Amino acid sequence: MWVSPDSLWVFLVHGCVIHIVDLVPGKERVRIKARIVRLWKVPAFLNPNESGSIELVLVDYKGGKIHASVRKQLIHVFESRLEEGRVYEFSDFSVFPQSGSYRTTLHRYKIGFQLKTVVVAAEGDDISQFGIKVTSLAEIVARTDDYKYLVDVIGLMTGISAEREYVRDGKLTKMVVIELTDDTGKCECALFGEYADELSKKMGKSAVSGLPIVVVQFAKVKIFRDKASLQNVHNTTRILINPEIAEVEAFRNSIAVHGIDNDLSLSMIGDRLRPTFEEEFIHNIFYVTY
């Protein structure tokens, strides 16, 4: 088989493309081709006005996902070269064990960008746009302890609470609770701050009739008073309302098969959350350390 000199040079210098699932520490001269499905900055610990790192979630065409980090000292090197939603080939990076209270992927390891890391834009129509891996609501409510991995859920929004405001650290914080329903059950999801605003804006822009279908990606599972529910993670969680994606189309078919009627009006969740329960939500840290 004939190999062009350029392709041979790339292979010798940067290695062969491997699947994300096969990434382990110690492998040399490897590349991955992946889409950045999520990108955000984490504020510096001692100065929240500065960025302490850039965090990314990458997915390849096989659906494998891995977390990646750009440390503070390298932000100026890579910030302008990375864009959420784009596909790149990455090489010359480090791989080390994942840690932290909450993790964006099930991969045992994460990627660390180095000064020598190479990032090259690439084509990737065969790579998922969002890399959604759906967890059923029944799996969520069955949990009896906090889950260290962030989850993706899709549900029909069958209820919503009144928006409330709290003063925390001298700042006004909004909170709204939504009830999600799929063909396995129901689960509540608490949204704080900008996520409460984002939900309201996206619902206002949705032109689809009936109950909205909501995708909540990278949500954390919390146990409050022996009950499992979902909660957003600051800067990390993604909310989509009625998106035209394959996962939502599959969800529509699923609820139709199970006779769930989405041609209803949205009901208000009553005053089920007592003040002390709400305060417990508010006093939990929304940031995640990776």
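# Chat about a predicted chain

Visitor: Let's start with serine 161. Where does it lie?
Guide: This is a predicted model. In it, serine 161 lies in the loop between strand 9 and strand 10 (164-168).

Visitor: Is serine 161 buried or exposed?
Guide: Serine 161 has a relative accessible area of 12%, so it is buried.

Visitor: What is it in contact with, leaving aside neighbours within four places in sequence?
Guide: Serine 161 is then in contact with Val176, Val177, Met268 and Ile269. Val176 also belongs to a core of 24 residues, which includes Val151, Cys187 and Val216 as well.

Visitor: OK, step back. How many helices and strands does the chain have?
Guide: The chain has 6 helices and 16 strands. Of its 290 residues, 49% count as buried.

Visitor: What about contacts between residues at least 6 apart in sequence: what share join residues at least 24 apart?
Guide: The share is 67%.

Visitor: Back to cores. In the largest nonpolar core, which residues touch the most other members?
Guide: Leu58, Phe90 and Phe113 do, out of 26 residues in that core. Several elements each supply at least two of its residues, among them strand 3 (51-59), strand 5 (87-91) and strand 7 (109-112). The largest share, 4 residues, comes from strand 2.

Visitor: What does phenylalanine 90 contact, leaving aside neighbours within four places in sequence?
Guide: Its contacts include Val30, Ile32, Ala34, Ile36, Leu58 and Phe113. Arg31 is also on the list for phenylalanine 90.

Visitor: Which elements supply at least two residues each?
Guide: For the lining of the second largest pocket, they are helix 3 (137-141), strand 9 (151-160) and strand 13 (213-224).

Visitor: Which residue other than glycine has a positive phi near 60°?
Guide: Aspartate 92 does. Most residues other than glycine have a negative phi. Aspartate 92 has its place in the loop between strand 5 and strand 6 (94-97), and its relative accessible area of 23% makes it partly exposed.

Visitor: What about asparagine 242, what is its phi?
Guide: Asparagine 242 has a positive phi of about 50°. This residue is found in the loop between strand 15 (238-241) and helix 5 (246-257).

Visitor: Is asparagine 242 buried or exposed?
Guide: Asparagine 242 is buried, because its relative accessible area is 8% and the cut-off for buried is under 20%.

Visitor: Now aspartate 126. Buried or exposed?
Guide: Aspartate 126 counts as exposed, at 53% relative accessibility. Its place is in the loop between strand 8 (118-121) and helix 3.

Visitor: How far is aspartate 126 from lysine 62?
Guide: The two are 64 residues apart in sequence and 9.0 Å apart in space, C-alpha to C-alpha.

Visitor: Last one: where does glycine 185 lie?
Guide: Glycine 185 lies in strand 12 (residues 185-192). It is partly exposed, with a relative accessible area of 24%. Not counting residues up to four places away in sequence, glycine 185 touches Leu137 and Leu180.

Note on methods. Residues numbered from 1 in each chain as written. Predicted model: local features only at pLDDT ≥ 70, side-chain atom pairs only at ≥ 80, totals over all residues. Heavy atoms only, no water. Core = buried A, V, L, I, M, F, W, Y, C linked by side-chain atoms within 4.5 Å. Buried < 20%, exposed > 50% of the residue type's maximum accessible area, 1.4 Å probe, protein only. Contact = heavy atoms within 4.5 Å.
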